[in-house]
Amino acid sequence: MPGTSPLRTWLAQRPPAAGAAVMATGIVSVALHLAGYELLSRVILAVACFAWLTLAADFVLRLLGDRSRWIKDAGTPGALTAVAATTVLGTRFSALGWQTLAAALLALAFVLWPGLLVPAVRNSRRPMPGAVFLSCVATEGLAVLAATLARTQGVAWPAYAALVLFWTGLALYVFALCCFDLRQLFEGHGDHWIAGGALAISALAGARLVTVGSGRYLWDGDDSGVLRTVTLALLVLDLCWYAVLVVAELVRPRPRYDVRRWSTVFPMGMTAAASMSVATAANVKSWGLGEVLLWIAVAAWLAVAAGAVLEARTELRALR
């Protein structure tokens, strides 16, 4: 478009999957907060907020100026990063005590969720890349934030809504697994890691539900036992996926930067956050596993961020 700045042109070229950058950055901030590294967590949160605002502005501009492309992009699983990223930021803001802002982000994410989920699921056909698991991630992100607000605000109904979303997310995981192309483990460009990340955010949602239920006696003994068992099982399965994905990366290294690599950082950070949260909720010893995984996620975030900056600089120069 004549007169359009290089930056605006560059933003317009970002795929829907670029929202994974906010997901990854936001969850690394959450995990750092859980581990007690508050200053570093807030610095990374600021980066996540800037990225979210930038992508949100581009989201609106596309909707107003290029409706046909917006509709096309909205029908892909990658569009669900908008929901997941918003819930991750809301969860972090809740930890800061900004409950009104967290609730507003939950409402925004919930409004976006059905409109992006339905076409994404409808268009899912085997074989699919790892982005197919974003249907589960977005749904469980809503569950995490709703359960978090239920605990901080002392209100029961968000917890019950979170419980429904939790089980819905697990059903969507099974659906996504049936569509997932296992060859992506060796051929994928980063988003294949969401196969494990979806289980990690499900485990985090379960941990939040166990915690809010214990504090307000929302679930009876049997329900609490089932939630605790399922949550532990989800974390174990996630760790198994983590090991498989690491081995696949070693067997078939893919060192070049790709925007989908943010979808690798997100599961790493989410697994760290889930490990720490599940250990607390289930009162089990983690032996420092969560913090070890946290620093692996931070290293991955730095590497991918460096790749993103270098690629952006090259592309912006080419557009001038």
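Because the model is predicted, local features need pLDDT of at least 70 and side-chain atom pairs count only at pLDDT 80 or more, while totals for chains, interfaces and linings use all residues. Residues are numbered from 1 along each chain as its sequence is written, and side-chain values use heavy atoms, with hydrogens and water left out.

In soluble globular proteins, nonpolar side chains tend to be buried together. A nonpolar core is defined here as a set of buried Ala, Val, Leu, Ile, Met, Phe, Trp, Tyr and Cys residues joined through side-chain atoms within 4.5 Å; buried means under 20% relative accessible area, exposed means over 50%, and partly exposed lies in between (1.4 Å probe, protein chains only). The largest such core has 105 residues, and the members that touch the most others are Phe133, Val137, Phe166, Trp262 and Phe266. Helix α10 (residues 194–216) gives the most to this core, with 13 residues. Helices, like strands, are DSSP runs numbered from the N terminus (helices H or I, at least four residues; strands E, at least two).

Contact means heavy atoms within 4.5 Å, and, leaving out residues up to four places away in sequence, Phe133 touches Tyr173, Ala176, Leu177, Phe180, Ile194, Ala195 and Ala198. Helix α8 spans residues 157–179, and its 23 residues reach 33 Å from the first C-alpha to the last, close to the expected 33 Å. That expected span is 1.5 Å times one less than the number of residues.

Helix α12 (residues 262–282) holds Ser275. Ser275 counts as buried because its relative accessibility is 3%. Apart from neighbours within four places in sequence, Ser275 is in contact with Leu235, Leu239, Leu289, Gly290 and Leu293. Its C-alpha lies 25 Å from that of Cys49, a residue 226 positions away in sequence.

Tyr37, Leu39, Leu40, Val43 and Trp295 make a nonpolar surface patch of about 470 Å². Patches are made of residues with over 30% relative accessible area and no salt bridge, with like charges joined within 9 Å and nonpolar side chains (Val, Leu, Ile, Met, Phe, Trp, Tyr) within 5 Å; accessible areas come from the Shrake-Rupley method with a 1.4 Å probe, and for residues only the protein chains shown count as cover. Helix α3 (residues 38–65) supplies the largest share of the patch, three residues. Val43 is placed in helix α3, and Val43 counts as partly exposed because its relative accessibility is 47%.

Val47 also has its place in helix α3. With a relative accessible area of 39%, Val47 is therefore partly exposed. Beyond residues up to four places away in sequence, Val47 touches Thr25 and Trp301. The C-alpha atoms of Val47 and Val22 are separated by 8.4 Å, the two residues being 25 apart along the chain. Leu53, too, lies in helix α3, and at 52% relative accessibility Leu53 counts as exposed.

Charged pairs come next. Side chains of opposite charge can pair when their charged atoms come close. A search of the whole structure finds seven salt bridges, each being a side-chain nitrogen of Lys or Arg within 4 Å of a carboxyl oxygen of Asp or Glu. In one of them, the side chains of Arg42 and Glu38 meet at 3.0 Å, N to O. These two residues both lie in helix α3, four residues apart, about one turn of the helix. Arg42 is partly exposed at 47% relative accessibility, and Glu38 is partly exposed at 25%.

Another salt bridge joins Arg183 to Asp181, with the closest N and O atoms 3.1 Å apart; Asp181, at 10% relative accessibility, counts as buried. Arg254 pairs with Glu249, the closest N and O atoms being 3.9 Å apart, and both Arg254 and Glu249 are buried. Through salt bridges that share partners, Glu38, Arg42 and Arg92 are joined into one network.

Most residues other than glycine have a negative phi, and most peptide bonds are trans. A cis peptide bond, with omega of about 0 degrees, joins Arg126 and Pro127. Pro127 is found in the loop between α6 (99–122) and α7 (134–153).
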